[in-house]
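Here are a few notes to read alongside the model. Have the 3D view open and click through the residues as you go.

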Amino acid sequence: MYTLNCKGSLLEISRPLVMGIINVTPDSFYTESRRFTVDSALRIAENMLADGARILDIGGQSTRPGSQTLTAADEMARVLPVIEAICQRFPGTVLSIDTYFSAVAKASVEAGVSIVNDISGGNFDNAMLATVAALRVPYVCMHVKGTADTMHRSDAGVDITKEVLDYFIERKQACADIGITDLIIDPGFGFSKTIAQNFEILKNLEVFSMLKKPLLLGVSRKSSIYKTLGITPDEALNGTTVLNTAGLLKGAAILRVHDVKEAAEAIELTQYLL
């Protein structure tokens, strides 16, 4: 069992949890996940909480290939009104902020967020790790290579499992050295990897248990699913559930998803197989 200190409130992970994705963007790769107004974000938050989400992950910037890169100020303008509205409507809800900007992380935590979810693992903003340590909140550290502009490039010739494990051994130590105590590991499904490498990571997911940190799996409706099946993101729910189930059986502690009810059902059923 893991515990996360979310600004003084302990979040226990005695069984896997669902993190629901709320994209406050007009251009996320999955059309149905776009919630570009406060009212629409509140509606999806209400539905996700009713369906069993324990964490809501708020993001103001799409990270799909070819998406527009925003400034920290633009990102804050998108996410802060939604964070404040959810905190007011659903007090006590555990919120995370999906950002690689330290300024956005700080402002979001001050507005009510209690987890920082950084796709860059602290590599896109040199102030991120120190900021998270000072905020004393849990930190989701994802594997990625390159910059915000090059993070979707991949190298088919590397041993991807070893590369990702080595990355997290280094990042775990960097986080510990600066004072981050609650660390969550995200292998970065869909980032800096070929489709084959994404499946290799999932196949070898139990390897990362040696890090002794909760493992977040974010495969929801991603291109490795819909391109492999020859379908669209809108049609990728079944494939998502299949891979979520495989991940749960290999040690995933948090499922980051667009479809909360189906993920919660996968968790419920796989408990009988563990």
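Before the points, one term: a polar contact is a pair of N or O atoms within 3.5 Å, and within protein one of them must be able to donate a hydrogen while the other can accept it. Also keep in mind that this is a predicted model.

1. Let's start with Thr270, which sits in helix H9, residues 260-270. Its side chain reaches the backbone oxygen of Ala266 at 2.8 Å. The Thr270 side chain also reaches the backbone oxygen of Ile267, at 3.1 Å. Check both against the 3.5 Å cut-off for a polar contact.

2. Is Thr270 buried or exposed? Its relative accessible area is 3%, so Thr270 is buried. Once you set aside the neighbours within four places in sequence, Thr270 is in contact with Thr245, Leu248 and Leu249.

3. Next, a pair of helices. Two packed helices are described by the angle between their axes and the distance between the axes. For helix H1 (residues 38-51) and helix H2 (residues 72-89), the axes come within 10 Å and cross at roughly 45°. H1 and H2 are therefore oblique to each other, and their crossing is right-handed.

4. Which residues of H1 and H2 meet? From H1 you have Val38, Ala41, Leu42 and Ala45, and from H2 come Pro81, Val82, Ala85, Ile86 and Arg89. Sorted by class, this contact has eight nonpolar residues, no polar ones and one charged.

5. Now look at helix H3 (residues 102-111) and helix H4 (residues 128-135), which pack at an angle of about 15° with their axes 9 Å apart. Because of that angle, H3 is roughly parallel to H4. H3 passes H4 in a right-handed crossing.

6. On the H3 side, the contact with H4 is made by Ser102, Ala105, Lys106 and Val109, while H4 brings Met128, Thr131 and Leu135. By class, that gives four nonpolar, two polar and one charged residues.

7. With a relative accessibility of 18%, Ala111 counts as buried, since the cut-off for buried is under 20%. How far apart are the C-alpha atoms of Ala111 and Glu84? They are separated by 6.0 Å, although the two residues are 27 residues apart along the chain. Leaving out residues up to four places away in sequence, Ala111 touches Leu80, Ile83, Glu84 and Cys87.

Key:
Residues are numbered from 1 along each chain as its sequence is written. This is a predicted model: local features need pLDDT of at least 70, side-chain atom pairs count only at pLDDT 80 or more; totals for chains, interfaces and linings use all residues. Side-chain values use heavy atoms; hydrogens and water are left out. Axes are lines fitted to C-alpha atoms, for helices over the stretch in contact, and angles run from 0 to 180 degrees between N-to-C directions. Helices (H or I, at least four residues) and strands (E, at least two) are DSSP runs, numbered from the N terminus. Angles under 35 degrees count as roughly parallel, over 145 as roughly antiparallel, 65 to 115 as roughly perpendicular and the rest as oblique. A crossing is left-handed if the near helix is turned anticlockwise from the far one by less than a right angle, and right-handed if clockwise. Contact means heavy atoms within 4.5 Å. Ala, Val, Leu, Ile, Met, Phe, Trp, Tyr, Cys and Pro count as nonpolar, Asp, Glu, Lys and Arg as charged, and the others, Gly among them, as polar. Buried means under 20% relative accessible area, exposed over 50%, partly exposed in between (1.4 Å probe, protein chains only).
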